[in-house]
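The sequence and structure come first.

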Amino acid sequence: MPETFIFSHALLPGGWARDVRLSVAEGRIAAVETGIGGGRNVALPGMPNLHSHAFQRAMAGRAERRGATRDSFWTWRELMYKLALAMQPEDMEIAATLAFTEMLESGFTAVAEFHYLHHAPDGTHYDDIGEMAARLAAAARNTGIELLLLPVFYAHAGFGGAALREEQRRFGNTLESYARLCERCAALGPSGVAPHSLRAATLAELTALATLAGTRPLHIHVAEQLAEVEACLAFSGQRPVEYLLDHAAVAENWCLVHATHITPAEAAGMAARGAVAGLCPITEANLGDGIFPAHDFAGAYGIGSDSNVLIDAAQELRMLDYSQRLAMRQRNVMATAAIPATATALYAGAVAGGARALGIGGGIAPGAPASFVTIAGDDPDIALAQAVFAARTPMVRDVWVNGRRVVRNGRHELARIARARFDAMLARLV
């Protein structure tokens with residue numbers, strides 16, 4: 001028998017609906033009816049997290065100290081490499097379990113894990129080439145989050161096929177070993193393909209990876225840093241997104257992560273190809289990357305927690321919107337003519353783009369995964385605006401993923417033990 005849920009309001013693909021009843025069977029929404037009174041709480045579609053490095057949760061708060069030189073993404077990266085070289089498989093599972101638990105508590109119901117920490121600390125392959133990926137899959141299974149594994153192809157340290165640096169030894173694969181890794185990841189669950197960046201994969205390798213992906217999700221870091229733009233210009237005479245659009249079959253299954261430093265022509269090219277802009281506003285602010293021009297981007301976008309320095313879906317949306325206000329010196333620039341309520345426009349846009357980037361059904365609609373979130377409130381636009389702009393802590397009450405309730409009254413059942421295990425891991429690593 002289908003399970004039924006009744007809400008005072010629900011955000012459907014066509015906008016807000018009142019007095020909504022959902023029928024759920026076998027993890028999917030079987031029917032959506034309106035005009036059914038008696039419900040409480042506001043239902044939102046679960047938010048996809050389109051970009052995460054779960055292991056970096058262990059760095060949160062540990063890189064906020066000025067060094068001897070000017071700090072940037074590149075100095076932060078050196079600290080990240082030290083962490084990456086220290087983590088064991090069980091550490092990966094512990095870090096991912098806490099990260100996924102916090103994602104669920106903040107309203108993320110699915111995550112694309114951009115996974116490049118593949119091999120043993122000395123760079124040799126584990127007997128199971130997907131050992132670390134299997135740990136991520138175990139964390140997802142135990143917490144209940146929907147996982148898209150994105151094994152990362154990382155073969156070079158810079159444009160032109162430069163050899164990997166010693167501290168990148170855990171990341172590297174040939175096309176042959178990467179194909180084996182992809183096969184292993186596919187056996188663990190939904191998966192895609194992820195060339196790390198134009199720095200880390202040659203054009204020939206990128207072409208082979210696109211063929212390997214087929215219609216599955218393909219995600220790539222691009223144009224995150226001005227130094228990357230300058231290096232790409234020196235190498236090719238083109239900017240990163242310009243180069244990618246000219247030389248690769250970018251399509252709707254592609255997610256261009258960050259794409260921070262783009263021209264209007266590059267933005268138009270992304271939109272024309274249907275590529276999703278993968279925005280990670282909190283991490284981009286933390287690293288001093290820059291501001292993506294979302295206010296005039298006509299394509300699809302979604303949000304991701306990236307370095308996981310702070311995991312909160314609403315605060316990602318807040319940072320995205322506030323960065324545009326600061327850049328434009330205007331208010332409510334992310335609202336649209338169709339959806340004038342800013343928080344609602346942001347949320348609906350990020351759900352749609354994130355679902356496309358993960359290759360999953362999104363939204364509260366028949367046939368979609370039964371993944372939804374509840375918040376309290378009488379006026380749904382105001383309730384969502386308060387959750388995004390005015391809440392000191394997440395306003396999420398309950399969360400369902402594929403029909404399974406994984407958060408009750410704002411807390412995941414594994415929250416306490418996940419935190420304790422994580423703290424013990426940090427004490428050992430640090």
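What follows describes the cavities of this model and their linings.

The model is a predicted one, and the structure holds five cavities of 30 Å³ or more.

| Cavity | Volume | Lining residues by class |
|---|---|---|
| Largest cavity | about 170 Å³ | eight nonpolar, six polar, four charged |
| Second largest cavity | about 120 Å³ | twelve nonpolar, two polar, one charged |

**The largest cavity.** The lining of the largest cavity is made up of 18 residues, and those that lie nearest its centre are H53, F73, Y116, H196 and H221. Helix α1, which spans residues 73–86, contributes the largest share of this lining, namely five residues. By class, the lining of the largest cavity contains six polar and four charged residues beside eight nonpolar ones.

**The second largest cavity.** A lining of 15 residues surrounds the second largest cavity, with S106, A314, Y347, A387 and V396 lying nearest its centre. At least two lining residues are supplied by each of three elements, α10 (313–328), β13 (372–375) and α12 (380–390), and of the elements that contribute to this lining, α12 gives the most, with three residues. Twelve nonpolar residues occur in the lining of the second largest cavity, together with two polar residues and one charged residue.

Notes:
Residues numbered from 1 in each chain as written. Predicted model: local features only at pLDDT ≥ 70, side-chain atom pairs only at ≥ 80, totals over all residues. Heavy atoms only, no water. 1 Å grid on protein atoms, 1.4 Å probe; cavity = no way out; pocket = protein on both sides within 12 Å on 5 of 7 lines; lining within 4 Å. Points joined across faces, edges and corners; volume = space filled by probe spheres on them. Helix = DSSP H or I, 4+ residues; strand = E, 2+ residues; numbered from the N terminus. Nonpolar A, V, L, I, M, F, W, Y, C, P; charged D, E, K, R; others polar.
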